[in-house]
Amino acid sequence: MPPDEEPDAIRIHLDRLLDERGMTLTELSTRVGITVVNLSVLKNRRAKAIRFSTLAAICEVLNCQPGDLITHVPSTVEENAEQEGSTTGQRRSEP
């Protein structure tokens, strides 16, 4: 897999964690000391990297582990999900 495609397999679960903790992105920004814009870039999967110090600060404030915030979805899982979706669609169109 080309290096520029690799970040697509990384999922950021910031929305879910914020929701579970009843916290806004603005509040997290204030408590972590990171701009809302930078957190938004991370949340919307546009970030190319994250510093360990930033990751640690977010985890500290959200009382979570890095694996709660970031997961990796192998490309084979994504491909299988896409194939199942197309197969399911084909079954529905058959009489």
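Student: Which residues line the second largest pocket of this predicted model?

Tutor: In this predicted model, the elements that give two or more residues to the lining of the second largest pocket are α3 (36-43) and α4 (52-62). The lining as a whole consists of Ile34, Asn38, Leu39, Val41, Leu42, Ala47, Ala49, Ile50, Arg51, Thr54 and Ile58.

Student: Which element gives the most to the lining of the second largest pocket, and with how many residues?

Tutor: By class, the lining has 8 nonpolar, 2 polar and 1 charged residues, and the space in the pocket is about 170 Å³. The element that gives the most to this lining is α3, with 4 residues.

Student: Is Ser29 buried or exposed, and what is its relative accessible area?

Tutor: Ser29 is placed in helix α2 (residues 25-32). Leaving aside residues up to four places away in sequence, Ser29 touches Ile34, Thr35, Val36 and Leu39. Buried means under 20% relative accessible area. Ser29 is therefore buried, its value being 9%.

Student: Which backbone nitrogen lies 3.3 Å from a polar atom of the side chain of Ser29?

Tutor: Val36 is one of the residues that Ser29 touches. A polar atom of the Ser29 side chain lies 3.3 Å from the backbone nitrogen of Val36.

Student: Around the axis of α2, how wide an arc do the buried residues cover?

Tutor: The buried residues of α2 are Leu25, Leu28, Ser29 and Val32. They lie on the same side of α2, because the arc they cover around the axis is only 105°.

Student: What covers the buried residues of α2?

Tutor: After α2 comes Gly33, whose phi is positive, near 85°. The cover over the buried residues of α2 includes α1 (14-21), α3 and α4.

Methods
Residues numbered from 1 in each chain as written. Predicted model: local features only at pLDDT ≥ 70, side-chain atom pairs only at ≥ 80, totals over all residues. Heavy atoms only, no water. 1 Å grid on protein atoms, 1.4 Å probe; cavity = no way out; pocket = protein on both sides within 12 Å on 5 of 7 lines; lining within 4 Å. Points joined across faces, edges and corners; volume = space filled by probe spheres on them. Nonpolar A, V, L, I, M, F, W, Y, C, P; charged D, E, K, R; others polar. Buried < 20%, exposed > 50% of the residue type's maximum accessible area, 1.4 Å probe, protein only. Polar contact = N/O pair within 3.5 Å; in protein donor to acceptor, adjacent residues only side chain to side chain. Contact = heavy atoms within 4.5 Å. Arc of directions from axis to C-beta.
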